[in-house]
Amino acid sequence: MNKPSIQTETENQLPATVAIALIVVGAIAVIVFGIYQIQTSDPYIESVLATEGDPMRGHAIFQMNCAGCHGWRKDGRVGPSLEGVSERKSDKEIIHQVISGETPPMPQFQPKPQDMADLLSYLKKQ
Ligand code: HEC
């Protein structure tokens, strides 16, 4: 019979640290969700993903722009092998890798959405 009253007492005395922790966790969740929203609503990525890629064109684009570092057969030289890269990275991550220039010495590319879609379809082809 005593149990319920003990429970309500502890609930009323919810320590301030717990409340602060909840606010911090909530704020982090909002930030993470916000970043996720920005990433998923990137108009460039959206238009690439909505475009059907041609792996033959993609191969030609790859040989001109990427093969010097990633090898003639995606097998890697200065840059890592890109064989089966679509198993390690999502389409969005691959597009981001190509357009961001975040990992020197790999340069920042600005392919047209059609060219990026072609490249992506080539990279996904085993
Ligand atoms: C100057 C050399 C260079 C060129 C040119 C280059 N890359 Fe890269 N690339 C790199 C290097 C180095 C990395 C590894 C970066 C890291 O993670 O630190 C990389 C990483 C990548 C990755 C991630 C691989 C993984 O397993 O995580 C992808 C995808 C990629 N490159 C695609 C491309 C495409 C597509 C092109 C052509 C449009 C290209 N790269 C041109 C050097 C290059």
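In this predicted model, D118 is in contact with E52, G53, D54, P55, R57, G58 and I61, leaving aside its neighbours within four places in sequence. D118 sits in helix 8. Its relative accessible area is 0%, so D118 is buried. The side chain of D118 also makes a polar contact of 2.9 Å with the side chain of Q114.

S121 belongs to helix 8 as well. The backbone oxygen of D118 lies 2.7 Å from a polar atom of the S121 side chain. S121 has a relative accessible area of 19%. Buried means under 20%, so S121 counts as buried. Beyond four places in sequence, S121 touches G53, D54 and P55.

Helix 8 spans residues 113-124. It also contributes to the largest nonpolar core, which holds 20 residues. Helix 8 supplies 6 of them, the largest share. Helix 3 (43-49), helix 4 (55-65), helix 7 and helix 8 each provide at least two residues of this core. Within the core, F62, I95, M116, L119 and L123 touch the most other members. Residues up to four places away in sequence are not counted here; L119 touches G58, I61, F62 and C66.

K74 is placed in the loop between helix 5 and helix 6 (85-88). With a relative accessible area of 8%, K74 is buried. Its contacts, not counting residues up to four places away in sequence, are F62, S81, L82, E83, Y122, L123 and K125. Two of these residues, F62 and L123, are among the core members that touch the most others. A polar atom of the K74 side chain lies 3.2 Å from the backbone oxygen of Y122. K74 and H59 are 15 residues apart along the chain, and their C-alpha atoms are separated by 10.0 Å.

The ligand contains an iron atom, which is coordinated by H70 through NE2 and by M106 through SD. The distances are 1.9 to 2.1 Å. The iron site has 6 donor atoms, with angles of 87 to 178 degrees among them, and is octahedral. Ideal angles for six octahedral donors are 90 or 180 degrees. H70 lies in helix 5 (residues 67-70), whereas M106 lies in the loop between helix 7 (91-100) and helix 8, so the pair ties together parts that are 36 residues apart in sequence. H70 has a relative accessibility of 9% and therefore counts as buried.

A polar side-chain atom of H70 lies 2.7 Å from a nitrogen atom of the ligand. An N or O atom in the side chain of K89 is 2.7 Å from a ligand oxygen atom. For R88, an N or O atom of the side chain is 2.8 Å from an oxygen atom of the ligand.

Terms used: Residues are numbered from 1 along each chain as its sequence is written. This is a predicted model: local features need pLDDT of at least 70, side-chain atom pairs count only at pLDDT 80 or more; totals for chains, interfaces and linings use all residues. Side-chain values use heavy atoms; hydrogens and water are left out. Donors are N, O and S atoms within 2.8 Å of the metal (3.2 Å for Na, K and Ca); water is not among the atoms, so sites may look incomplete. Four donors count as tetrahedral if all angles lie between 85 and 135 degrees; four count as square planar and six as octahedral if opposite donors are over 155 degrees apart and all others between 65 and 115; anything else is irregular. Helices (H or I, at least four residues) and strands (E, at least two) are DSSP runs, numbered from the N terminus. Buried means under 20% relative accessible area, exposed over 50%, partly exposed in between (1.4 Å probe, protein chains only). A nonpolar core is a set of buried Ala, Val, Leu, Ile, Met, Phe, Trp, Tyr and Cys residues joined through side-chain atoms within 4.5 Å. Contact means heavy atoms within 4.5 Å. A polar contact is a pair of N or O atoms within 3.5 Å; within protein, one must be able to donate a hydrogen and the other to accept it, and residues adjacent in sequence count only if both atoms are side-chain atoms.
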